[in-house]
Amino acid sequence: MASQPKVPSYSRPPVREAIIDIQIDALPEEVLPKLKECGTEFESLYPKTETQYLGMISMKFSDADMTSEQNKQIRGYIFKSSDENRWVQLRRDGFTFNLLKQDPMAEWPGWQVLREEAERVWDKYVRATGTVEIKRLAVRYINQLVIPEGEIELPDYFTEPPRIPDGLPQRLNHYFSRIEVNNPDPNALVIITQAPAPNRYQSQPTFTLDIDVIRERRMPLDSFDLWRTLDRFRGLKNTVFEASLHPKAKTLFGPEGNV
């Protein structure tokens, strides 16, 4: 894929959650106070704090009995905004920024908001941990399409819907589709998942379109432009989104606007 074509934007795209995820080799427990201090620097934006654990279960055997012990190690901390629409995860093994939209029909703050907030906290994380190399980079958008109540024909909305073989009853109860595509430009794996959403929106048929753009490779931070790379991942995500839906689906997202 030599270049990514320009795609339209929407004022109310069906994004449920957008994620920037950066993973590193796990750091020792001694870094935990620095991670907590890093998060508290943004306390006015993310006042809610949770500890994230990495659970480990060990089994012990004897002639007469078997016992298990659970050893919970602290993995890092999650800092949330008051409305819990923004999450910052500062972990021993990486960094994640989650931007959520509780109502799939609401307006969306846009990529620039996600990118700028994530970059600001990531810079603090790098200074606190001394990170010089990453091993995984990803942009993920979880979309929920709400389709008006009535008789639904998925081929009217999705370009690649599930298909029931001829000769069988043509009434679909459930499905799950996952496709993985290696994309050379940018060098990334794209995972496209389609399925009915776990919960309906106001009793209306709701479907998930999950697009995950991933690069798993060791990359020194001084060897590439991390945020320009994430911009390209987001551009590829947009291309996949447009290619996955018919115009009838796109009319559900409102007029073009800031995404």
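Which residues line the largest cavity? In this predicted model, the lining consists of Arg12, Pro14, Pro104, Met105, Gln144, Val146, Leu252 and Phe253. By class, the lining residues divide into 6 nonpolar, 1 polar and 1 charged. The structure holds 1 cavity of 30 Å³ or more, and the space in the largest cavity is about 40 Å³.

The largest nonpolar core comprises 58 residues. Those touching the most other members are Leu90, Phe95, Trp122, Ile134, Leu137, Leu226 and Leu230. In soluble globular proteins, nonpolar side chains tend to be buried together. Leaving aside residues up to four places away in sequence, Leu230 touches Ile20, Trp111, Leu137, Ala138 and Val139.

Helix H2 covers residues 111–129. Its 19 residues should span 27 Å at 1.5 Å a residue, and the end C-alpha atoms lie 26 Å apart, so the two values agree. The buried residues of H2 are Trp111, Leu114, Arg115, Glu117, Ala118, Val121, Trp122, Tyr125, Val126 and Thr129. Trp122, listed among these buried positions, is also one of the core residues that touch the most other members. After H2 comes Gly130, which has a positive phi near 70 degrees.

The elements against which the buried residues of H2 pack are tabulated below.

| Element | Residues |
|---|---|
| Strand S1 | 15–23 |
| Helix H1 | 32–40 |
| Strand S4 | 86–91 |
| Strand S5 | 94–100 |
| Strand S6 | 133–146 |
| Helix H3 | 226–244 |

Note on methods: Residues are numbered from 1 along each chain as its sequence is written. This is a predicted model: local features need pLDDT of at least 70, side-chain atom pairs count only at pLDDT 80 or more; totals for chains, interfaces and linings use all residues. Side-chain values use heavy atoms; hydrogens and water are left out. On a 1 Å grid over the protein atoms alone, a cavity is a set of points where a 1.4 Å probe fits but cannot get out, and a pocket is an open set with protein on both sides within 12 Å along at least five of seven lines; lining residues have an atom within 4 Å of a point. Grid points are joined across faces, edges and corners, and a volume is the space filled by probe spheres set on the points. Ala, Val, Leu, Ile, Met, Phe, Trp, Tyr, Cys and Pro count as nonpolar, Asp, Glu, Lys and Arg as charged, and the others, Gly among them, as polar. A nonpolar core is a set of buried Ala, Val, Leu, Ile, Met, Phe, Trp, Tyr and Cys residues joined through side-chain atoms within 4.5 Å. Buried means under 20% relative accessible area, exposed over 50%, partly exposed in between (1.4 Å probe, protein chains only). Contact means heavy atoms within 4.5 Å. Helices (H or I, at least four residues) and strands (E, at least two) are DSSP runs, numbered from the N terminus. The expected span of a helix is 1.5 Å times one less than its number of residues.
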